[in-house]
Amino acid sequence: EQQFRISTELDPSAGLAFLNLGLMRASQQRFADAYRDIGQALKLLPSNPRVMSSLGMVASGSNRWKEALALFEQVGKLEPQSPEARLNLGIAQADQFDLVAASASFGEAVRLAPKSASAHYNFGRAQFDLKQYEVAQKHLELALELDPKSDATLYLLALTHKNLDHPREAAGLIDRLIARKPNDQDALFLLGQTAVQLEDRPRAIEAWEKLVRLNPEHNETLYALSRNLQATNPEKAAVYRKRLADLKLSRQVAEEAEAMGNFGLSAAASHDWPLAIERLKEAVQICGDCRARADLHKNLGLTYARAGDMDNAERALRQAREAKPGDIEIVRTLEMIRLRTKQ
């Protein structure tokens, strides 16, 4: 990065140096910096398809969807025979929810590159979203032949078979995926669904119970277990229904606590420290052990510190650190408090 930056300083007209600097920053998720650098590259190289494509990708990463779409449309005009240009355009169109246009772009990519797994996968995905499941199946199978290691293709093909009422084929594909990724939550949920289609409820329950052990807050799975256990084990079904009800209540509590915490942060932004602390303490009390607990303690601790109350700041931040041990802001503030205490 340093070398590319020096290159841009030595020669401000070096478009490729700006491009490479931007690509390096984009690889670090620094999209604002990357957008600025590659934007400068495009000013210096206004008809370069590679620069346009790179800026389009960074624009997508920065949620500038319309700009990304316009850039990829320009690239498509400059390189009408480029399958990559068609793929990028299709992805941008899909991001804008224009599935018909995306499908056409992906179809053109398939025509230009019939041996491209990515082209077949994206065309199959667009057809799936358009509920053209038989066409989706054909192209997803081709994508899987070309790239047998693609977990995304394996999952989407299994889902396609499920929607086509081919549960046996779906289950076989999901078994392959779970063999690679035994804790994949989407795959476990789909395995349960296909097992129900195959009237193998014990296997469905086994898959779903494993899933709720991995993710105790998986709403759909708790609901599915409560329904599918009702006939054979009503007591256990009732346990899952209660867990689902408790989870809904817990989320309501967390939302209420987060709203109160936001009131506190607004007061802190106005430097009204007493009101901010009052609201954040109330939020912590409402929350209890809810999902927002660590962030609320952190915000309370930081607010105490800004208000000059280091004892309470340290106490709140230590509680936050138990749940967020790697949080840099917490670590730095505690270290600052420790150094001030020594002085």
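Reader: What share of the 343 residues in the protein chain is buried?

Author: Buried means under 20% relative accessible area, exposed over 50%, and partly exposed in between, using a 1.4 Å probe and protein chains only. In this protein chain, buried residues make up 43% of the 343. Keep in mind that this is a predicted model: local features need pLDDT of at least 70, side-chain atom pairs count only at pLDDT 80 or more, and totals for chains, interfaces and linings use all residues. Residues are numbered from 1 along each chain as its sequence is written, and side-chain values use heavy atoms, leaving out hydrogens and water.

Reader: How many helices and strands does the protein chain have?

Author: Both are DSSP runs numbered from the N terminus: helices are H or I with at least four residues, strands E with at least two. The protein chain has 19 helices and zero strands.

Reader: Is the chain a compact globule or more spread out?

Author: You compare the radius of gyration, taken over C-alpha atoms, with the globule rule, 2.2 Å times the number of residues to the power 0.38. Here the radius is 26 Å, well over the 20 Å from the rule for 343 residues, so the chain is more spread out than a compact globule. Its C-alpha atoms fill a box of roughly 75 × 70 × 30 Å along the principal axes.

Reader: Which residues of H2 are buried?

Author: Gly15, Ala17, Phe18, Leu19, Leu21, Gly22, Arg25 and Ala26. The buried residues of H2 pack against helices H1 (2-10), H3 (31-44) and H4 (49-61), where contact means heavy atoms within 4.5 Å. Just after H2, glutamine 29 has a positive phi of about 65°.
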